[in-house]
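Hello,

Here is the structure we talked about, with a few notes to read beside it.

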Amino acid sequence: RDEETCVFMGPQIVADNDSKAVKRAIRTQLNIIGPEVEGIACHVPDLNHVVKNNNNDLHATKDRDPSFRGKAALTNQRITSIASDITTVVKDYKEKLGDDEARQICLDQLAAIPLHHSGDHSLCKHGKYCSTMRIKNEHPEWSADEVAAQHCKETKRFSGTTMDLSSAGKKKLQEIIAKRFNAKTIDSIAECGSSNKCEGFW
């Protein structure tokens with residue numbers, strides 16, 4: 001069954017991150033063709049599966065730790081929204097894949113997402129991803145209350161409400177995201193391979 005979730009694209013194998021099929025396929029290919037192709041084949045993660053695995057970790061954290069439960073905590077809807085934010089940031093980086101500045105913007109924004117959803121915009125740097133930051137930039141003379149009021153008028157998400165998490169809770173969510181989306185993995189993830197058509201065929 002694992003092999004059915006892979007799609008071969010020349011030297012690249014696009015597949016999810018929760019099976020051993022990729023490494024087995026690369027090893028088999030190496031045995032058939034020979035050592036001259038060693039290091040050529042690579043695994044391009046399926047973005048949707050990577051995000052899904054991240055969501056699974058968030059759900060598991062909520063189930064294990066009561067401090068993440070509740071209307072103003074890590075709800076199912078909030079997890080879906082976080083997943084959407086992650087996908088947007090990674091796909092934006094794809095357009096400038098390999099650019100050091102764009103990579104850092106992507107990583108910085110990924111770290112900012114849990115705080116952003118908690119109403120803490122100290123790590124938010126770009127108005128494209130944060131309406132509070134955009135409003136501040138457009139109206140530098142406004143007070144924090146005026147910015148917050150305008151944000152509530154503009155946002156459709158959660159009626160302007162945020163998660164109520166401790167500092168430790170925010171840090172925990174940052175660690176979960178960084179486990180998969182980090183400086184070592186972000187370039188391959190941002191290639192945005194997809195095995196959906198292959199899975200659909202099988």
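**Pockets and helix pairs**

In the second largest pocket, α4 gives the most to the lining, with four residues. Helices here are DSSP runs of H or I with at least four residues, strands are runs of E with at least two, and both are numbered from the N terminus. This is a predicted model, so local features need pLDDT of at least 70 and side-chain atom pairs count only at pLDDT 80 or more, while totals for chains, interfaces and linings use all residues. Residues are numbered from 1 along each chain as its sequence is written, and side-chain values use heavy atoms, leaving out hydrogens and water.

A pocket is found on a 1 Å grid over the protein atoms alone: it is an open set of points where a 1.4 Å probe fits, with protein on both sides within 12 Å along at least five of seven lines, and its lining residues have an atom within 4 Å of a point. Its volume is the space filled by probe spheres set on the points, which are joined across faces, edges and corners.

The second largest pocket has a volume of about 220 Å³. Its lining includes V89, D92 and Y93, as well as A102, I105 and C106. By class, that lining has six nonpolar, no polar and six charged residues (Ala, Val, Leu, Ile, Met, Phe, Trp, Tyr, Cys and Pro are nonpolar; Asp, Glu, Lys and Arg are charged; the others, Gly among them, are polar).

The largest pocket has a volume of about 550 Å³. Of its 29 lining residues, H116, H121, S131, H151 and T155 are the closest to its centre. Helix α6 provides the largest share of this lining, six residues. The lining divides into eight nonpolar, 14 polar and seven charged residues.

Now for the helix pairs. How do α3 and α4 cross? Their axes come within 9 Å and cross at roughly 175° (axes are lines fitted to C-alpha atoms over the stretch in contact, and angles run from 0 to 180 degrees between N-to-C directions). These two helices are therefore roughly antiparallel to each other, a label for angles over 145 degrees. Their contact (heavy atoms within 4.5 Å) includes I82 and V89 of α3 and A102 and C106 of α4.

Helices α2 (residues 47-64) and α7 (residues 167-180) pack at about 150°, with axes 10 Å apart. They are therefore roughly antiparallel as well. Among the residues that meet are V50 and L58 in α2 and L173 and I176 in α7.

Happy exploring!

Key
Parallel < 35°, antiparallel > 145°, perpendicular 65-115°, else oblique.
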